[in-house]
Amino acid sequence: MQDRFVTMQELPGIVGVCPRSIAYLREEGRFPKPRKLTSKRIGWLESEVLEWMRARPVVGANAD
């Protein structure tokens, strides 16, 4: 798989949460860290965002 950068404008459509929720998760350290693309622009590695999504708990899963 070839990795790519995902912008903040794309993130809500990918992860299904609003930009404010993403900012809140970032502030708490519970979201992948962005990378500096230029002096004024950041982006996330798509593979890290997808891994974060896969790591979310399953609703109704039994805790063993």
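**Close-up views of an aromatic cluster**

Both Phe31 and Trp52 are buried (under 20% relative accessible area; over 50% is exposed, in between is partly exposed; 1.4 Å probe, protein chains only). The model is predicted: local features need pLDDT of at least 70, side-chain atom pairs count only at pLDDT 80 or more, and totals for chains, interfaces and linings use all residues. Residues are numbered from 1 along each chain as its sequence is written, and side-chain values use heavy atoms, with hydrogens and water left out.

**View 1. Two aromatic pairs occur in the structure.** Rings of Phe, Tyr and Trp (its six-membered ring) pair if their centres lie within 6.5 Å; planes under 30 degrees apart are stacked, over 60 edge-to-face, the rest tilted. Ring pairs join Phe31, Trp44 and Trp52 into a cluster.

**View 2. Phe31 pairs with Trp44.** The pair is edge-to-face, at 6.3 Å centre to centre and 75° between the planes. Phe31 sits in the loop between α2 (19-27) and β2 (35-36) and Trp44 in strand β3 (residues 42-45), so the pair ties together parts 13 residues apart in sequence. Helices (H or I, at least four residues) and strands (E, at least two) are DSSP runs, numbered from the N terminus. Phe31 has 6% relative accessibility; Trp44 has 1%.

**View 3. Phe31 also pairs with Trp52.** This pair is edge-to-face too: 4.8 Å centre to centre, 65° between the planes. Trp52 belongs to helix α3 (residues 46-54), so the pair ties together parts 21 residues apart in sequence.

**View 4. Thr7 lies in the loop between β1 (5-6) and α1 (11-15).** Thr7 is buried, at 14% relative accessible area. Beyond its neighbours within four places in sequence, Thr7 is in contact (heavy atoms within 4.5 Å) with Arg41 and Trp44.
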